Amino acid sequence: METLTDGVVTLVRWRPDHLDLLVDTVTASLDHVGAWLFWAADGYDRAKGEEFLSRSMEEWESGGEYNYAIFTADGLAGGCGLMRRDDGREIGYWLAKPHTGKGYVTRASALLVAEAWRQGATHVLIKHDRRNTGSGAVPPRLGFTEVGEEASVLPLAPACSGVNRVWRLERPE
């Protein structure tokens, strides 16, 4: 589904007309976002935003990945995605600094879990760097179980340890 909402957060499929808003939001929180996410570690500009939006459109059409902008009453708060992983899905997320600590990612993730079940997924994963305690607070709130740790496979952002905590939620019977 292109739009998901719980009345507090609204997830909207990223579109090309979000470019300026995306770039402005990321650059305004670059120290926060870039500390944890390699794609913003060396800055964020229109070219990176265009590449992300283009790839998001391609992935959406292929069914490999569903990326959403997270909107609240205050505007764009961040982004999240639901990525296909064999018969399961994986959730990823980020927030601009002024929007952290308000439960927005937990709400967005709950919407993505429901969408994963609608898509027929057997399980959902959340992975985050073990040093990122903010991201680590989300999975247990939603009933995920920590199943282990693994080495990071992507280039590391400056605050990252190189070890991801892995959480899993099984589809209810």
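Helices here are DSSP runs of H or I with at least four residues, strands are DSSP runs of E with at least two, and both are numbered from the N terminus.

**View 1. The whole chain, for orientation.** This is a predicted model, so keep that in mind for every close-up that follows. The protein chain holds six helices and eight strands. Going along the sequence, they come in the pattern β-β-α-α-α-β-β-β-α-β-α-α-β-β. The radius of gyration is 15 Å, close to the 16 Å that the globule rule gives for 173 residues, so the chain is as compact as a globular protein of that length. Along the principal axes, the C-alpha atoms fill a box of roughly 45 × 35 × 30 Å. Of the 173 residues, 48% are buried. Among contacts with a separation of 6 or more, 62% join residues 24 or more positions apart.

View 2. Strand S8 (residues 163-170) has a partner on each side here. With strand S6 (residues 123-129), S8 pairs in the antiparallel sense over seven bridges. One spot to look for in that pairing is Val124, whose bridge partner in S8 is Leu169. With strand S7 (residues 145-151), S8 is again antiparallel, this time over six bridges. There, Glu149 has Arg165 of S8 as its bridge partner.

View 3. Which strand sits beside which? The eight strands of this open sheet run in the order S1-S2-S3-S4-S5-S6-S8-S7, with mixed pairing. At the edges are strand S1 (3-5) and S7, each of which pairs on one side only. From one strand to the next, the twist averages 25°. Helix H4 (residues 104-118) packs on this sheet and touches S1, strand S2 (10-13), S3, S4, strand S5 (88-95), S6 and S8. The direction of H4 makes about 160° with that of S5.

**View 4. A closer look at the S3 and S4 pairing.** Strand S3 (residues 65-72) and strand S4 (residues 75-85) run antiparallel and are joined by eight bridges. Zoom in on Tyr68 and you find Cys80 as its bridge partner in S4.

**View 5. Helix H4 up close.** H4 has 15 residues and reaches 21 Å from its first C-alpha to its last, close to the 21 Å expected at 1.5 Å a residue. How many of its residues are buried? The helix is mostly covered, with 11 of its 15 residues buried. Those buried residues include Tyr104, Val105, Leu111, Leu112, Val113 and Trp117, and Glu115 is on the list too. Just past the end of H4, look for Gly120, which takes a positive phi of about 95°.

**View 6. Aromatic pairs.** A ring pair is described by the distance of the centres and the angle of the planes. Rings count as a pair if their centres lie within 6.5 Å, and by this rule there are five aromatic pairs. Trp39 has a relative accessible area of 27%, so it is partly exposed, whereas Tyr44 is at 9% and counts as buried. Trp60 and Tyr66 also form an edge-to-face pair, 4.8 Å centre to centre with 80° between the planes. Here Trp60, at 11%, is buried, and Tyr66, at 14% relative accessibility, counts as buried as well.

View 7. Thr25 lies in helix H1 (residues 19-28). Its relative accessibility is 10%, so Thr25 counts as buried. Which residues does Thr25 touch, not counting those up to four places away in sequence? They are Leu76, Trp94 and Ala96. Ala77 lies in strand S4 and is buried, with a relative accessible area of 0%. Not counting residues up to four places away in sequence, Ala77 touches Ile70, Thr72, Leu95, Ala96, His99 and Tyr104. For a sense of scale, the C-alpha atoms of Ala77 and Ala151 are separated by 29 Å, and the two residues are 74 apart along the chain.

Methods. Residues numbered from 1 in each chain as written. Predicted model: local features only at pLDDT ≥ 70, side-chain atom pairs only at ≥ 80, totals over all residues. Heavy atoms only, no water. Phe/Tyr/Trp six-rings, centres within 6.5 Å; stacked < 30°, edge-to-face > 60°. Buried < 20%, exposed > 50% of the residue type's maximum accessible area, 1.4 Å probe, protein only. Pairing = 2+ DSSP bridges. Axes fitted to C-alpha atoms, helices over the stretch in contact; angles between N-to-C directions. Contact = heavy atoms within 4.5 Å. Expected span 1.5 Å × (residues − 1). Rg over C-alpha atoms; globule rule 2.2 N^0.38 Å.
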